[in-house]
Amino acid sequence: MAARGQSVGGMRGVAAVPSYVVMQPTTLCNLDCAYCYLPLRAADRRMPVPVAEAVAASVNPWASAGRFSVVWHGGEPLAAGREHLAALMAPFAPEVEHHVQTNATLIDDAWCDFFQEHGVRVSVSVDGPRERNDDRVTRAGQPAYDRIMRGVSVLRRRGLPFSALAVVSRPRAGLAAELYDYFLDLGCDVLGINIEETEGVNTRGNAHDQADVTAFWAELVAAWRREPRIHLREIEWSLRYAAAVLDGVADDLLPRQLDPIPTIGHDGSVTVLSPELAGFTDPRYGDFSSGNVLESPLAEILAGAERTPWVGEFLAGVEACRDTCPYFGFCGGGHAANRYFELGRFDGTETEHCRNSKIRLLEGVLEHARDHQ
Ligand code: SF4
């Protein structure tokens, strides 16, 4: 950690070129998870092909200059159907990497053929064993776990590698080892853990006992170190940061500028930095979008993104974090949507989200290190 007041470089302003874009092929989701933040998930608003063509016109030159990804994220992206998703992918150059974040319930052999044909990397959302998936239900309110597992079993039978993303609503000791063992058995090669966030239409609280959250992360490090067969996103980040601190090079870890992570809504609107803000409006900030690719090139929209009123306020918040938070060198200033949905503005600093997912994470890793000296 950097001492309070010690200046950490990096994360100054928003970069004009992203490393990936998030695309919303449809707003629709066939599930209705209790913690979902998406406002329009019951409506099937599909992205027209001209939106993808407009995005590809900016993305293709970026992809020819270096690695570049398009992440298809919904709603449930597979609910757009194979034919439509193929038409949306068609304008992108072959070197663009495609990813889908899916609830897996629609995956069958035909989808696996599609993934192979288009080189799509798959990440499935599953929260652990059956009893940890109570929040995941169909539109009729029925448990979704068996459907999720049916899709995952097709991926496994077909030998397609996949990542997993798990939402943890009540982090505490005892849960992390159980989750890690579950995902070892599931066969994913990458695992991300998201502590549930209060954002979008999900207004459930996310304040937890701090010792519980630290114990959760410490136990997860211990489980991973016992059998490090899965790339465990959060633990690998924090260990890399701890090693950089020890080597005196922590300041090199943060990117020089924030990745704009543009989310392209179904209608072509561009929301930078936080996909969770897409589709919302606020009397002070308007609809949060920085432009629409049907009206201006994506490259041009991103070059002017810092002029979006809420983005300027968020950058002031990042500077406040830099000046006041000893965790800034690890965190880089947190996510815009968490500030907005928790604090009602963008220039605040600590949120429950950053306590759960940044501060306690790093403390959990340090607690594990202390216990295993
Ligand atoms: S978001 Fe939170 S953890 Fe990150 S730098 Fe700001 S106050 Fe610190």
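Which helices each supply at least two residues of the shell around the ligand? In this predicted model, they are α10 (328–331) and α12 (352–371). Helices (H or I, at least four residues) and strands (E, at least two) are DSSP runs, numbered from the N terminus. Residues are numbered from 1 along each chain as its sequence is written. Local features need pLDDT of at least 70, side-chain atom pairs count only at pLDDT 80 or more, and totals for chains, interfaces and linings use all residues, while side-chain values use heavy atoms, without hydrogens or water.

The ligand is surrounded by Cys321, Cys325, Phe328, Cys331, Gly333, Gly334, Thr349, Glu350, Cys354 and Ile359. This shell divides into six nonpolar, three polar and one charged residue. Cys and Phe count as nonpolar, Gly as polar and Glu as charged. Cys354 has 11% relative accessibility and counts as buried (under 20% relative accessible area, 1.4 Å probe, protein chains only).

The whole structure holds zero disulfides (pairs of cysteine sulfur atoms within 2.5 Å). Cys188 is also buried, at 6% relative accessibility. Its closest cysteine sulfur, in Cys112, is 16 Å away, too far for a bond.

An open sheet of 10 strands has mixed pairing and the order β7-β6-β5-β4-β3-β2-β1-β8-β9-β10. β7 (231–232) and β10 (291–292) stand at the edges with a single partner strand each, so one side of each lacks a neighbour in the sheet. Strands pair if DSSP finds at least two bridges between them. Two bridges join the parallel strands β1 (residues 20–23) and β8 (residues 263–264). Here Val22 stands opposite Thr263 in β8.

Technical notes:
A residue is near a molecule or strand if one of its heavy atoms lies within 4 Å of it. Buried means under 20% relative accessible area, exposed over 50%, partly exposed in between (1.4 Å probe, protein chains only).
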